[in-house]
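Please read this briefing alongside the sequence and the coordinates. It begins with conventions and confidence, and then turns to the chains and the contact between them.

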Amino acid sequence: MAEVGMSLTEGYLIFIKIVVVVIELIYIFYAFLITRQVGLMTKSFKTDLGKMFKTIAGAHFVGSIIITAVSVFIL
Amino acid sequence: MFISSIIKNPKCASYEGKDKGEKILYIFRRSFITNIFWILFTLVLLVVPFSSSYLYGDIETGSGLKIIVTLFWYLFVVGYAFRKYLNWYFNLYIISTKKIVDIDFHGLLYKNISEAPVDNIEDVTSTVKGAFGMIFNIGDVFIQTAAEQREFDFHLLDNPSKVRDLVADLVADAKKRHGLSGKKDHKNG
């Protein structure tokens, strides 16, 4: 009975880990869309802050890739 | 610059389609106070991992999953706040020596840019409504152009009466310069 409980908890954890990685993969696409949108925005309205916005969007996109990659290796 | 909702004579600003010799006179954005809701929501999201018993359930402290979820959570919060800020920053109304331009971005997938010559502006109206508007002096400015059913709506601006007056004065000056009748419409005081 205890073994069944243990395997259920393990199964649940594996399921959670898969869900986390899938959400992170979807988030990479979202972060990519943000970088594209920042490109469009800074093209439509050029300002001093454009470079900074592009850098933040790029860092956010790279961050999402790194976290997903680390998740795949650690989890 | 980061939180300005009215910018006069911006030095380092330009927009797609700006003509040669055209000068931007004013840039208007929604009042910064309208961002208060998502800023407060972001602050709430930032402290969620501290109440970790709700987020992590029975997952043990220091486990890889917990660290990854926390890191991802903060990345998500940064992304959320960044997108909200961009949405505010790049939704603007530009008044130049030649044109009036309305740049709209909604969500990630919608972009709309409208423009009309300043000479075509016929009527400028400002409205302040609701408790929020009355307290912070925030309202809308509607600009009717000569084109059929073309109206520019500037929403949730700081001091809409002042903006209406500025736009009406610019239109009157532009029409005077071009020898047209300088109609200056003042509604709502």
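Residues are numbered from 1 along each chain as its sequence is written, while chains are lettered from A and ligands numbered from 1 in the order in which they are written.

**Confidence**

- The model scores ipTM 0.87 and pTM 0.85.
- For chain B the mean pLDDT is 85, with 87% of its residues at 70 or more, where pLDDT is the predictor's confidence in each residue, from 0 to 100.
- Over residues 182–189 of chain B the pLDDT stays under 50, and the model has 14 contacts beyond four places in sequence for them, a contact being two residues whose C-beta atoms, placed from the backbone, lie within 7 Å.
- Where pLDDT is low, the predicted coordinates should not be read in detail.

**Chain A**

- Chain A has two helices and one strand, and from the N terminus on its elements run α-β-α.
- Among the contacts in chain A with a separation of 6 or more, 71% come from residues 24 or more positions apart.
- Helix α2 (residues 50–74) of chain A has 25 residues and reaches 36 Å from its first C-alpha to its last, close to the expected 36 Å, a value given by 1.5 Å times one less than the number of residues.
- The buried residues of α2(A) include Phe53(A), Phe61(A) and Ile67(A), together with His60(A) and Ser64(A).

**Chain B: domains and strands**

- Chain B is divided into domain 1 (6–30 + 91–177) and domain 2 (37–86), with bounds that come from an automatic or database domain assignment; the centres of the two domains, taken over C-alpha atoms, are 38 Å apart.
- Strand β4 (residues 92–96) of chain B pairs with β5(B) in the antiparallel sense over four bridges, pairing being counted if DSSP finds at least two bridges between two strands.
- A hairpin with two residues joins β4(B) to β5(B), and Ile94(B) has Val101(B) in β5(B) as its bridge partner.
- β5(B) also pairs with β6(B), antiparallel and over eight bridges, with Ile100(B) opposite Ala116(B) in β6(B).
- Three residues lie between β5(B) and β6(B) in their hairpin, and Gly107(B) in the turn has a positive phi of about 60 degrees.

**Where the chains meet**

- In the interface, 25 residues of chain B are in contact with 28 residues of chain A.
- On the side of chain B that touches chain A, β2 (14–15), α3 (64–89), β5 (99–106) and β6 (110–117) each supply at least two residues, and the largest share, 13 residues, comes from α3(B).
- The residues on this side of chain B divide into 19 nonpolar, three polar and three charged; Ala, Val, Leu, Ile, Met, Phe, Trp, Tyr, Cys and Pro count as nonpolar, Asp, Glu, Lys and Arg as charged, and the others, Gly among them, as polar.
- Strand β1 (residues 45–46) of chain A is joined to β2(B) by two bridges in an antiparallel arrangement, and Lys46(A) stands opposite Ser14(B).

Terms used. Predicted model: local features only at pLDDT ≥ 70, side-chain atom pairs only at ≥ 80, totals over all residues. Buried ≥ 20, exposed ≤ 12 C-beta atoms within 10 Å, placed from the backbone.
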